[in-house]
Amino acid sequence: VENKHFAAAYNVMLGYEIPVVTSPTIKAFFLSASGDPNRSPVDPANVEHTAYLPLFPTRHVMLGRMDIFNQSNIWSTGFELSLTPYEGVTVEFQYSYLSLVDKYGDIPGGHGMVTNRLYPSRMDIGNEIDLSAFWDVNANFALGGGYSVLLPGGAIEDQVRPEREVQEGDQLQTYVYPGGDPAHWFWLQADFRF
């Protein structure tokens with residue numbers, strides 16, 4: 001099977017640091033990576049494969065610190081604000097809006113793809129908000145911590161059935177899959193440098 005592959009990804013980030021004591025910095029960013037509704041190389045209808053498949057999935061600079069999504073079939077726009085209130089201490093606020101490039105394409109899961117070929121999805125993946133703080137205690141030790149929340153959009157909600165009935169023995173059980181619930185993430189990191 002001849003399976004041509006044309007894919008593209010674009011990243012742009014612009015920032016400005018105001019030259020005052022706390023070094024306030026604002027950055028705006030844009031990321032786009034192509035998607036494809038049909039990724040099978042043995043399907044005769046798949047004449048051109050256009051999904052961008054990254055070598056390194058971690059892109060939390062422009063896809064949110066939670067690293068839920070990777071750089072394929074995704075569009076991300078947002079901004080970041082940071083301050084340095086004390087020497088060695090940095091506080092950051094980041095907002096990312098995420099959506100699909102191809103509504104029949106895969107949802108770009110960070111540790112693998114969630115297939116979305118059977119029906120079209122709504123385009124919006126959701127909004128992620130990240131609050132982070134970093135402290136360089138000394139030359140050999142640093143601390144970091146933060147909180148992130150993903151407010152899911154229609155593309156994520158469409159992947160989850162609101163109810164599912166399962167026969168267990170002689171009883172019919174109903175399970176609810178909360179695809180529209182926000183995802184929360186707290187983190188703390190210690191960095192030892194030698």
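## Strand pairing around β5

L31 has S76 of β5 as its bridge partner. Strands and helices here are DSSP runs numbered from the N terminus (strands: E, at least two residues; helices: H or I, at least four), and two strands count as paired if DSSP finds at least two bridges between them. The strands β3 and β5 run antiparallel and are joined by nine bridges.

This is a predicted model, in which local features need pLDDT of at least 70 and side-chain atom pairs count only at pLDDT 80 or more, while totals for chains, interfaces and linings use all residues. Residues are numbered from 1 along each chain as its sequence is written, and side-chain values use heavy atoms, with hydrogens and water left out.

β5 also pairs with strand β6 (residues 89-100), in the antiparallel sense, over eleven bridges. Y86 is bridged to V89 of β6. Two residues lie between the strands of this β5 and β6 hairpin, and there G88 takes a positive phi near 90°.

## The open sheet

Seven strands form an open sheet with antiparallel pairing, in the order β2-β3-β5-β6-β7-β8-β11. Because β2 and β11 (183-192) stand at the edges with a single partner strand each, one side of each is left without a neighbour in the sheet. Neighbouring strands of this sheet are turned by 15° against each other on average, direction ignored; the axes are lines fitted to C-alpha atoms, and angles run from 0 to 180 degrees between N-to-C directions.

Within the sheet, strand β7 (residues 124-138) and strand β8 (residues 141-152) pair in the antiparallel sense over twelve bridges. Here G126 has P152 in β8 as its bridge partner.

## Loop residues with positive phi

Most residues other than glycine have a negative phi. S23, although not a glycine, has a positive phi of about 50°, and it is found in the loop between β2 (9-17) and β3 (25-33). N73, in the loop between α1 (60-63) and β5, has a positive phi near 50°.

S23 is partly exposed, with a relative accessible area of 21%, whereas N73 is buried, at 1%. Buried means under 20% relative accessible area, exposed over 50%, and partly exposed in between (1.4 Å probe, protein chains only).

## A nonpolar surface patch

Y16, I18, V20, I26, F79 and L81 make a nonpolar surface patch of about 530 Å². Such patches are made of residues with over 30% relative accessible area and no salt bridge, nonpolar side chains being joined within 5 Å; a salt bridge is a side-chain nitrogen of Lys or Arg within 4 Å of a carboxyl oxygen of Asp or Glu. L81 lies in strand β5 (residues 74-86) and is partly exposed, with a relative accessible area of 36%.

Note on methods
Patch = residues over 30% accessible without salt bridge, like charges linked within 9 Å, V, L, I, M, F, W, Y side chains within 5 Å. Areas by Shrake-Rupley, 256 points an atom, 1.4 Å probe, with all protein chains shown as cover.
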